[in-house]
Structures are given as C-alpha cells and as structure tokens.
Amino acid sequence: MKDKCPFREGGRCNIWIDYQVLQYALQEADELTSSNWKEIQRLYDRINLLEKTLLDAGLTIPPEQ
C-alpha cells in the first residue's frame, strides 16, 4: 500500500492513514491481551497450588457458587 494519494497533490491518502491507525490499534490490543493472558495464567497457577495445598492438608475444596 502506498502512502501517497494519486488524487491529492502532495497529500496522504485517507485510506493509508486509516490503515496506519488500525495497525497501531491492533498492536496495542495485542500487547494488552498478552499481558492479561499472562496474568490469568499466573492466577490459575496460584489457584492450582492453593487447591493442592488444601487437598494435601486433608481439607475439601469448597464448591463454586
């Protein structure tokens, strides 16, 4: 995709600007979801450790509500 618009003298094409904005937004969204997923995985690891500790201590895991 070209950044120069053949229909606007010396101007940038609106489609190109929209494309660049979309690419930037997708990159930010990817970074955010990646961070969120890492946090979710860490929390699941913590839950699994706590459940194992309860079971090893002979206690039951409370049911989900």
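**Note on a predicted single-helix model**

1. Tyr 44 is found in helix H1.

2. On overall architecture, the protein chain contains 1 helix and 0 strands. Helix H1 covers residues 14-56, which is 43 residues. From its first C-alpha to its last, helix H1 reaches 63 Å, close to the 63 Å expected at 1.5 Å a residue. Just after H1, Gly 58 adopts a positive phi of about 80°.

3. On charged pairs, a search of the whole structure returns 2 salt bridges. In one of them, the side chains of Glu 39 and Arg 42 meet at 2.9 Å, N to O. Both residues lie in helix H1, 3 residues apart, or about one turn of the helix. An α-helix has 3.6 residues a turn, so residues three or four places apart point the same way. Glu 39 has a relative accessibility of 38% and therefore counts as partly exposed. Arg 42, at 47% relative accessibility, also counts as partly exposed.

4. A salt bridge also joins the side chains of Lys 52 and Asp 56, with an N to O distance of 2.8 Å. Lys 52 and Asp 56 are both in helix H1, with a spacing of 4 residues, about one turn of the helix. Side chains of opposite charge can pair when their charged atoms come close. Asp 56 is exposed, its relative accessible area being 58%. Helix H1 comprises residues 14-56, and Asp 56 is thus named both in the helix range and in this salt bridge.

Terms used. Residues are numbered from 1 along each chain as its sequence is written. This is a predicted model: local features need pLDDT of at least 70, side-chain atom pairs count only at pLDDT 80 or more; totals for chains, interfaces and linings use all residues. Side-chain values use heavy atoms; hydrogens and water are left out. Helices (H or I, at least four residues) and strands (E, at least two) are DSSP runs, numbered from the N terminus. The expected span of a helix is 1.5 Å times one less than its number of residues. A salt bridge is a side-chain nitrogen of Lys or Arg within 4 Å of a carboxyl oxygen of Asp or Glu. Buried means under 20% relative accessible area, exposed over 50%, partly exposed in between (1.4 Å probe, protein chains only).
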